Amino acid sequence: MIIQTGMRTDIPAFYHEWLLNRIKEGYVLVRNPYNPGSVTRYRLSPDVVDLIVFCTKNPKPVLSHMDVLQPYGQYWFVTITPYGKEMEPNVPKKEQVMESFQKLSGIAGIDSVGWRYDPILINKEYSVEWHIAEFERMARTLSGYTKTCVISFIDIYNKVKRNFPEAEAVSKADRLAIGRELIPIAGRYGMTIKPCAEGKELEPYGADCSGCMTVSAFETALHKYLNAPKKKNNQRNGQCACLLGVDIGAYDTCGHLCRYCYANTNAAVVKENRKKHNPKSPFLLGDSMPGDVIHEAVQKSWIDGQMRFDFG
């Protein structure tokens, strides 16, 4: 099976000590975000966890602990955008993140790391031309360290509306203008552009619109076949083709406080929640509560045992 760590928060950046403790103890407890009294217990044994997916804006805190993750298959998505503190207040400098990306690629392997350039937003400061120029600068630095670049355009969720009221959806004309330029730039630096939940509109220009967290991507990272469930988790208006495994994170806990974030209600809630974090707790946030009902997850390995030699 696959464990996700980054759909709700950034565990490598802010909670790596907790994650390492969970791996050493062999299990994690996860609250249902919509029914907090319902708790699921997941074993973190490599016997049943084939691959852990990380989504982060700062992998550096984990780099010195990669030996703990070595028994697991891994796939890392590292989000690196050209925005500054006005948009991403607590994200490290991009040059530092790209350096960490290069080190991560050297440890985990080029097939196990992907660059996310998202979300793309357009305004007077961040023009189409600006994105194209900044993207090429970053692609040049990351060339040879990944084969994948995922892009997406900002989605105006309710939390985004509240925290970033001036944000606007990107027009189709701008989406196509950016996509037409980014796809060949990425190609020159050995990368394939994969739009995230953006439909097929960039496919005619050479984008791979099959999804970013797909069985194929995970098989490439593992160099093994997976007998993964056929059911797709079609989020975001049915546009998502990815296989989204169980997530062990918690909403309203990410300290980056990016203005476009869909996972945080606001900075005050995040600040209070982070006070409840205990690195030694089996829960990312808080601990056991009266009335908790703990369900044991049904888990099994999806690896079918065949080695695969035809990965490109």
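Tutor: The protein chain carries 39 positive and 34 negative side chains, and the centres of the two sets are 3 Å apart. The model is a predicted one.

Student: Which side chains count as positive and which as negative?

Tutor: Lys and Arg count as positive, Asp and Glu as negative, and His is left out.

Student: What makes up the secondary structure of the protein chain?

Tutor: The protein chain has 11 helices and 12 strands.

Student: Why is the protein chain called as compact as a globular protein of its length?

Tutor: The globule rule gives 20 Å for 312 residues, and the radius of gyration is 19 Å, close to that value, so the description holds. The C-alpha atoms fill a box of roughly 55 × 50 × 35 Å along the principal axes.

Student: How much of the protein chain is buried, and what does buried require?

Tutor: Buried requires under 20% relative accessible area; 52% of the 312 residues are buried.

Student: How do you know what span to expect for helix α8?

Tutor: At 1.5 Å a residue, the 17 residues of α8 (172-188) are expected to span 24 Å. From first C-alpha to last, α8 reaches 25 Å, close to that expectation.

Student: Which residues of α8 are buried, and what do they pack against?

Tutor: The buried residues of α8 include Arg175, Leu176, Ile178, Gly179, Leu182 and Ile183. The buried residues of α8 pack against β6 (113-120), α6 (128-142), β7 (148-153) and β8 (192-195); contact here means heavy atoms within 4.5 Å.

Student: What follows α8?

Tutor: Gly190 follows α8, with a positive phi near 80°.

Technical notes
Residues numbered from 1 in each chain as written. Predicted model: local features only at pLDDT ≥ 70, side-chain atom pairs only at ≥ 80, totals over all residues. Heavy atoms only, no water. Helix = DSSP H or I, 4+ residues; strand = E, 2+ residues; numbered from the N terminus. Rg over C-alpha atoms; globule rule 2.2 N^0.38 Å. Buried < 20%, exposed > 50% of the residue type's maximum accessible area, 1.4 Å probe, protein only. Charge placed at Lys NZ, Arg CZ, Asp CG, Glu CD. Expected span 1.5 Å × (residues − 1).
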